[in-house]
Amino acid sequence: MGMKKKLQEIPLHLMILPGIILTVIFSYVPILGTVIAFQKFVPSKGIFNSKWIGLDNFRYMLDMPNFTSVLWNTVFIAILKIIAGLVVPIIFALLLNELAGAFFKRTIQTIIYFPYFLSWVILGGILIDILSPSSGIVNQFLGVFGIKPIFFLGDDKWFPYTLVLTDTWKTFGYGTIVYLAALTGIDQSLYEAATMDGANRWKQTIHITLPGMLPIITLMTVLSLGNVLNAGFEQVFNLYSPMVYSTGDIIDTLVYRIGLVDAQYGVATAVGLFKSLISFVLIVLSNKLANKYAGYRVF
Amino acid sequence: MKKRRTMKKSAILCLAGFMLLTACGGAKEANSPAAAPDPAKTDVDLMAKYDPPVDITAWRYTESTYKYENNDTIEDNIYTRTYLSDLGINLKYVWTVPVEQFDQKMNVSIASGDLPDIMWLKNKQLTDLAENDMLYDLTNLFEKYASPITKEIMLQDEASFNTAKIGGRLMAIPHTSSAVDGLPILYVRTDWLEKLGLPEPQTMQDVLAIAEAFTNNDPDGNGKDDTFGLAFTKTFLTDAHFGTSGYFSGYHVNPGKWVKDDSGQLVYGSIQPAVKDALKQLQDLYAKGILDREFGVKDRAKVTESVASGKVGMFYGSMSAPLSIIQQNVDNDPNAEWKALPLVSVDDKKATPIGKMPITRYYGVSKDSKHPEAIIKLLNFSMQGYDPEVAQENSKFGITDTNIPVYLYSLISADPAKKNLNAHLNTMQALETNDPSQLSVEEKGYYDRIVDYRGGNRANWGTERVFGSPSSFDVIDHYVQEDNYIFDAFYGAPTPTMVEKLATLEKMEEEVFTKIIMGQSLDNFDKFVEDWKKLGGEQITKEVNEWAEKNK
């Protein structure tokens with residue numbers, strides 16, 4: 001019986017084979033390419049014949065006058081995005097869950113999900129218009145409350161927050177759907193019992209809904225921590241300008257300029273590798289913490 | 001090569017024959033090396049049509065302005081079809097990308113080491129590939145096989161042509177064109193001038209006064225405060241349209257370019273002391289709302305929108321602006337009228353426009369290419385268009401009757417040094433005498449469209465304002481007549497320190513200049529000059545002067 005069952009499972013195991021092959025080709029083989037971070041890489045000589053220079057590229061990276069500020073910008077923007085990206089969808093999912101009409105609920109769900117499908121290239125052009133201090137709809141709205149126009153995309157104090165807000169606006173529909181799905185998995189009889197005991201909606205939310213969502217919230221948090229140095233290349237690249245370089249330049253835009261524009265592949269790889277290492281340490285750390293405090297582990 | 005091809009064919013035929021169980025005598029013999037003479041050693045006519053045709057791979061960029069008809073594409077058009085039918089060249093693009101992505105795509109492809117036969121390159125990549133011995137040395141092929149008309153056109157501006165030589169060897173075919181075409185011009189909305197009763201600007205002071213009036217005196221008469229005097233983009237330091245090059249020339253400084261100082265040494269234009277005065281003025285304009293307060297986030301497409309919707313009255317641009325930018329405004333507004341004017345100066349010294357070396361791309365051949373001579377065939381073919389003897393039959397390779405510039409599809413092209421300026425002068429002469437018979441095909445196209453415009457069709461306003469009169473080429477002709485223009489004195493490949501530091505320095509410059517214009521203290525300029533020197537600028541200056549010494 002046991003043997004037969006195992007044989008039956010073979011086709012199921014085979015089904016993950018394409019996935020494994022693709023992961024190896026596109027995620028593991030390129031790791032070998034990171035050796036150029038330790039080389040004076042010349043494309044025509046290739047990986048095998050380029051000169052080995054040890055940690056010089058890393059030293060060069062740390063010597064760059066703007067590296068620390070770029071690192072700080074990246075961490076700052078990414079952390080704000082992680083927090084907003086967790087809190088906003090949870091609140092929204094809870095609010096949507098309280099809505100009665102299924103049609104109304106779905107309509108809202110669709111509307112907030114929509115920006116997720118627009119690319120930053122398109123949004124870049126739109127945001128310049130709607131955030132414009134002279135004619136943009138956002139500043140006109142703020143003007144109603146007597147707030148002076150804010151140059152969201154051109155003021156280096158506001159720029160990081162603008163990035164976080166627009167990114168959250170674009171992606172929170174996606175997160176909301178995940179949490180709504182988690183909500184449907186909560187045992188309805190718990191609510192019935194709570195109602196019998198005289199718990200109001202708020203008490204129910206605190207004592208039933210949130211604990212029910214906790215595993216998925218922990219999972220999403222752990223997964224997002226791996227992104228702590230991903231402040232969002234596409235978004236920053238399409239929205240930044242010389243005025244906001246000081247607070248808007250992030251590691252990925254720096255790698256883009258060093259690597260693809262200046263063709264200094266070795267240095268660009270060193271910066272990219274540096275970023276990956278830090279991300280790796282953070283995700284291991286957060287997994288440990290999640291295991292310790294919530295009993296949850298990804299690996 | 002021809003032979004090898006046929007051999008392969010016969011071998012395949014033989015294989016098929018074996019399958020049919022028939023004997024195939026001689027197959028083995030034909031495959032042996034002894035029976036295959038090296039084609040390079042035999043006396044074949046390299047310039048004859050390939051028969052059978054050969055595959056030539058290439059890469060290139062396209063621009064969003066390209067138009068096609070009859071389902072043509074960049075892979076399949078009048079050029080690719082003619083290459084195949086007339087030259088026996090089956091052109092295959094391994095990739096084509098929009099020009100904006102070209103540098104990245106090219107760098108990635110070069111890094112991967114998989115090079116096509118013919119590559120569009122820029123100066124830096126040309127130097128890199130040549131130094132790593134990956135390019136075919138074209139010196140002898142060009143010398144021997146370039147047609148007389150090809151040589152005549154390409155060598156008109158020999159200094160430019162020689163930028164494709166590395167160590168005295170011709171490592172690529174340069175895309176020669178006209179340097180004077182790139183000189184900046186001041187464009188002013190003259191219907192607004194008339195409305196406000198202002199004269200055309202003669203000095204920088206006039207420009208500033210007009211800019212102020214255009215901003216505050218409601219030149220479009222809509223009762224709203226929604227117009228700007230002067231338009232710039234967020235990349236104003238480098239933009240050919242909506243850039244500051246023409247403005248800074250009014251203060252006799254040249255940010256971003258290398259110029260000779262009084263002692264004959266090359267110095268970087270961004271750190272000249274007078275830049276500060278020019279920046280101070282821009283700061284004032286910004287504070288008064290004469291510049292778009294949001295110029296710092298707007299790219300060329302966004303500012304072009306402002307021009308098209310009638311919000312802008314003045315800008316510095318290159319000769320093509322009436323066609324590529326202003327035409328949209330003219331289409332939208334039946335009263336809109338603009339004029340191109342020479343640069344104005346802040347004092348009694350003339351403003352001198354500065355341009356760049358005209359070679360913006362090179363055509364390199366991979367060292368591994370089996371047919372390096374193909375590039376010369378393609379080049380000779382393209383240059384035939386300038387041969388008056390055969391010009392008529394080549395007309396289909398220029399601009400179609402439906403106004404589509406098909407010449408842009410050509411893989412290899414090059415222009416005579418003063419082609420566009422001469423086109424303007426010839427077209428003007430034909431207009432005066434009402435006799436277009438002496439015009440080239442391209443010029444006849446301009447002539448027809450100008451006649452059409454003068455007959456009342458504003459759709460051809462742009463052609464009149466580029467090649468007719470008054471026009472942008474009137475202004476360029478004026479520069480040439482007065483011999484009042486200079487070029488960026490450095491046009492070599494990036495020096496070692498440039499490769500390492502230039503990106504950081506340019507970013508710093510952009511940031512500091514932008515912020516000063518938007519109101520930060522002018523003292524930041526002095527700090528910038530100091531930082532620039534310290535962070536590699538001094539070393540770069542040294543290297544640039546060494547280069548200049550070598551290339552005297």
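User: Where is B:P52 placed?
Analyst: B:P52 sits in the loop between helix 2 (27-31) and strand 1 (54-62) of chain B. Helices (H or I, at least four residues) and strands (E, at least two) are DSSP runs, numbered from the N terminus. Before going on: this is a predicted model, where local features need pLDDT of at least 70 and side-chain atom pairs count only at pLDDT 80 or more, while totals for chains, interfaces and linings use all residues. Residues are numbered from 1 along each chain as its sequence is written, chains are lettered from A and ligands numbered from 1 in the order in which they are written, and side-chain values use heavy atoms, with hydrogens and water left out.

User: OK. What kind of peptide bond joins B:D51 and B:P52?
Analyst: A cis one, with omega about 0°. The bond from B:S469 to B:P470 is also cis, with omega near -5°, and B:P470 lies in the loop between helix 18 (461-467) and helix 19 (472-481) of chain B.

User: And what's phi of B:N70?
Analyst: Near 50°, which is a positive value in a residue other than glycine. B:N70 is in the loop between strand 1 and helix 3 (78-87) of chain B.

User: Switching to the interface: how many residues does the contact take from each of chain A and chain B?
Analyst: Chain A gives 31 residues and chain B gives 26, with contact meaning heavy atoms within 4.5 Å.

User: What area is buried between them?
Analyst: About 2,500 Å², and carbon and sulfur atoms give 60% of that. Buried area here is the accessible area (1.4 Å probe) that two parts lose on being put together, summed over both. A:P242, A:M243 and A:L260 supply 22% of what chain A buries against chain B, more than any other three residues.

User: How many salt bridges across it?
Analyst: Three, counting a side-chain nitrogen of Lys or Arg within 4 Å of a carboxyl oxygen of Asp or Glu. B:K302 and A:D129 meet through their side chains in a salt bridge, at 2.9 Å from N to O.

User: Which helices of chain A each supply at least two residues to the side touching chain B?
Analyst: Helix 7 (120-130), helix 13 (245-248) and helix 14 (251-261). Helix 14 gives the most, with four residues. By class, that side of chain A has 17 nonpolar, nine polar and five charged residues; Ala, Val, Leu, Ile, Met, Phe, Trp, Tyr, Cys and Pro count as nonpolar, Asp, Glu, Lys and Arg as charged, and the others, Gly among them, as polar.

User: Now aromatics. How many pairs over all chains?
Analyst: The search finds 48. Rings of Phe, Tyr and Trp (its six-membered ring) pair if their centres lie within 6.5 Å; planes under 30 degrees apart count as stacked, over 60 as edge-to-face and the rest as tilted. A:F233 and A:Y256 make a tilted pair, 5.5 Å centre to centre with 45° between the planes. A:F233 lies in helix 12 (residues 233-239) and A:Y256 in helix 14 of chain A, so the pair ties together parts 23 residues apart in sequence.

User: Last one: which residues of chain A does the UniProt domain annotation cover?
Analyst: The unreviewed UniProt entry puts "domain: ABC transmembrane type-1" at residues 71-286 of chain A. UniProt positions are in the numbering used here, feature names are shortened, and annotations may be inferred rather than shown by experiment. Those residues are 75% helix and 0% strand, with the end C-alpha atoms 20 Å apart.
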